[in-house]
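Q: I would like to learn how to read strand pairing and domain contacts in a model. Please take me through one.

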Amino acid sequence: MSTENKNWEYADAVEGTGHIKLKEKYGLYINGEWVAPRSKTYFSSTNPHDEAHLAEVAQANKQDVDAAVIAAERAYHDVWSKITPAERGKYIFRIARLMQEQAKELAVIESLDSGKPIREARDIDIPLACNHLFYYAGWADKLDYAFPNQKKEPLGVAGQIIPWNFPLLMAAWKIAPALATGNTVVLKPAETTSLTALKLAEIIDEAGLPPGVVNIVTGFGDTGAAIVAHPKVSKVAFTGSTAVGKLIQKTIAGTDKKATLELGGKSANIIFDDAPLDQAVEGIINGIFFNQGHVCCAGSRLFVQENIADKVIRKLKHRMQSLQIGNPLDKNTDIGAINSSEQLKTINKYIDIGRKEGSECFQVDCALPNKGYYCKPTLFINVAQSSVLAQEEIFGPVLTIQTFRTIDEVIQKANNSPYGLAAGVWTDKGSKIFNLTSKLKAGVVWANTYNKFDPASPFGGYKESGFGREGGLHGLGAYLK
Amino acid sequence: MLKAYNINDLPSSPSVDKVGVEERVARFQSRSIKNQAKMQGLKMVLSMIDLTTLEGKDTPGKVRQMCFKAAHLHDAYPNLPSVAAVCVYPSMVNLAKSIVGVHGINVASVSTAFPSGQAPLEVKLADTKFAVENGADEIDMVISRGKFLGGEYAFVFDEIAAIKEVCGRSRLKVILETGELTTLDNVRKASDIAIYAGADFIKTSTGKIQPAATMQVTYTMLQAIRDYYDETGKMVGMKPAGGISNAKLALHNLVMVKEVLGQEWLNNEWFRFGASSLANDVLMQILKTDSGVYQSSNYFTLD
C-alpha cells in the first residue's frame, strides 16, 4: 500500500497587490477637494506585517478641523438639508455600488494597512461596509415610516471618530446613517489605519456627492479632540476606548451636543454542558481570535460549565493548533498581525501579568514571522473573576477561561464587569437561551453563534461599554431630533 | 476477536448544530490549495481512492477492466500512485483479487445485504464470510437504518460487533447511509455506535442514496473519530463515499481531515474516498498543474 509520509502543508497563497492604487501622499478631503494640511505635517502609515511604509498621511490640526467643520456646516445649510430625501438615498446607493466595484482593492489595502487577514477583509469587512450603506440608503426617503408622526429633523454636522480595528467598516457604519438622515459629516479615521477612509474619500468624490457633505480629516488624538470640541459640531459619534469615551463626555458636558459612544468590552461567552460542543469551540475561536481579538465585542471571558471544562479546553487547544498565523495577505491566514507595536506591547503586558498571577498559560506552538507585530493566540486557564486579566479589556488574541457550576452563578459572574457590550450563550435548550438573554446585561447576546453582524441589527453597550445604538432603525434615531 | 465494548459503554453523543457545521465547512472550503501543496494533495487523493463498481449489471468483464485501471491510472504520466483498493460486490471478490492482488491494491467487498441491509443477521454473516473467504481485505457493511431510526441502538451495535467478529483480519468499514439518517445528530450517534462496536473505518454512504458524502456529514463523522481518539488513543479511519466527483471537493476533504484529525490520518490506511469518477478529474488536474492547460476528457480512460 502506498502511503504518504511527507507532511501536507498549505503552500503560500499570497494575494497580489499589483492592482491597488495608493498615492504617495494624501492630503485632507475637505469641501470636496484634496487640500494640504495647514499643519504642513504628514505622518507615515505602515504595514504591521513588515513595518513597511505605505503612504504619507496628512496630520490635521485645529485650523484644518475648523475648515472641515465649516465646510460641513455650509454643505448642510446650502445643499444637504435642501435636497429631497430620495436624492440623498441615491447618493448613498451610488457610494455603496462604487465600493462594491472596488471591493478587491479595498480589501487588499485594508489588510495591508491594518494587519487583518485578507480573508476577513474580503469576506466580512468590505461586504458588510457596503451592506451598511445599501441598508441606510434605503431608509433615506422612508424616515416618516421609521418615526411616524414625529417630524424628525437632522442634527447638523456630525463629528465621527473611528477606531483602527475595522477601518472601512466603521467609516461606513458612521457615515451611512448620518447621510441618510440628512446630516453632514467630518470623519476622522484612526492614525494607524487611514488609508481605506482616504480611498472612501476618492469614491465619495467619484460619486459626485456635493462638496462638504463628507469631509475626511486624518490625524491623531488631538485631531479628534478638536472635532469633539468644535462648537459647530452638533453630534459626536465615537467608537474606541472607554478612556477616550470618558474624555469626550467631559468635553461635551454642558453643551447641547448629542453623542453615541461605542466603547470597550469584556464580553462573556458561556458554554453549558448541553451545548453542541464542537460548534461551541468554533464559537470560542471566532469570538476571541476574529481580527486578532481586536474586536470591542470579542468573547474574551470564556465561562465553561465545570463538568465539561477539561473536554472543552482540550478541544480548544487542538483547534487552536490548526489556526494559520502569519502574512495577512495570504488567503489561508486565520490570524494576521497586531495592528501596531503599541498595541502589541499592551497585549504582551497583559500576558506577563497573567503569567505572574499564576494562571495556566497556553499558546499555540508555531513560528511567528521574524518581522512585524505578531502575537500567538493565547489561553489563560483557571482564571478567577478577581484576576486583572478577567477584568480589563486586552484587545488582543488572549482568552481567559473560568468555570462555573450553575446558571445563577454564571449570570452573576458575566454581569459582574464594568462593561456590558456582548455575550454568547451556547446550549441546546431554547428555554435556557431565553432565560439568559433576559438576564445578561449586554447590548448583544448571541445564541449558539458569536460575532455576527448585520446592518439591520442594532449594536451598542451597557455601562462602560457606552451608550446609543448603531445599526438598524435604532441607528437612525441617533442622528435625528 | 472479542468486541471491546457493549452498548452501555457508549458515551452520550454531543448534539450537533447544523448552522455551526455549515460555517466550519465553509472555512475549509475557503482554504487556498496551490502549487506544490496542490500537486501533493492530488496525488494523495489518487492513492486514497477505493475505485468502485457496485451495479446490478456488473460482469466479470467490467470488473476486470476496472481492476486494470486501478493499477494503471494514467501510464503516460510517470510516478503516479495506484488507488488504495477496488470496491466490488462479494461475487466479484475472487476475480478482483486475482488481478489487483499482485499490485498491492486491496480488494474491498460490500456485504450485509448491501445496499439496504434488509436481511437477517445469518444472511449478513454468511455474505460477509463469503467475501472474506474469497480474499476480501476489507469489508464495507451497511448498518440497519430502519432499526436505528426505530431507536433500536443495541440491535445496530450488536450487529456491527457480530460482523466484526467474522471479518477476521479484514478491516471493517461501517456504512451509515447518512442520507437516510437525515440529521447530523443521528449521524453523530450512528458514528459513535459504529466506532464503539468495533468499526475500523466509518463510511458515509452506499452511493445509492442522495445526499451522500456532503462535507457537513463527513465533518460530523470526523469529530466522532477525533473524540474517540482523545478518549482511547485509538485511530479509526474515515471514508466519504458518493458524490465526491471532482478534485477540488476531494482536496477540501483533505483539508478537513488535516485540520480535524491531523497529519496521521492523511494516508490511505486511515482515509479513503469511495468514488468511481473522481480519479479522472484528479488526473486531469494533475496534468493541468504540470502543463498549464487542460486536456479533453478523451485523454483519460473510462474503465
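A: Take the pairing first: β2(B) and strand β3 (residues 106–110) of chain B pair in the parallel sense over 4 bridges. Two strands count as paired if DSSP finds at least two bridges between them; helices (H or I, at least four residues) and strands (E, at least two) are DSSP runs, numbered from the N terminus. This is a predicted model: local features need pLDDT of at least 70, side-chain atom pairs count only at pLDDT 80 or more, and totals for chains, interfaces and linings use all residues. Residues are numbered from 1 along each chain as its sequence is written, and chains are lettered from A and ligands numbered from 1 in the order in which they are written.

Q: Which residue is the bridge partner of B:V86 in β3(B)?

A: The partner of B:V86 there is B:V107. The chain passes from β2(B) to β3(B) through helix α4 (residues 93–100) of chain B, in a right-handed β-α-β crossover. Right-handed means that, with the strands pointing away from the viewer, the path from the first strand over the helix to the second runs clockwise.

Q: Which residues of strand β2 (residues 85–88) of chain B are buried on each side?

A: In a regular strand the side chains alternate between the two faces of the sheet. In β2(B), B:A85 and B:C87 are buried on one side, and B:V86 and B:V88 on the other. Buried means 20 or more other C-beta atoms within 10 Å of the residue's own, with C-beta atoms placed from the backbone.

Q: How far apart do the C-alpha centres of domain 1 and domain 2 of chain A lie?

A: They lie 30 Å apart; the domain bounds come from an automatic or database domain assignment.

Key: Buried ≥ 20, exposed ≤ 12 C-beta atoms within 10 Å, placed from the backbone.
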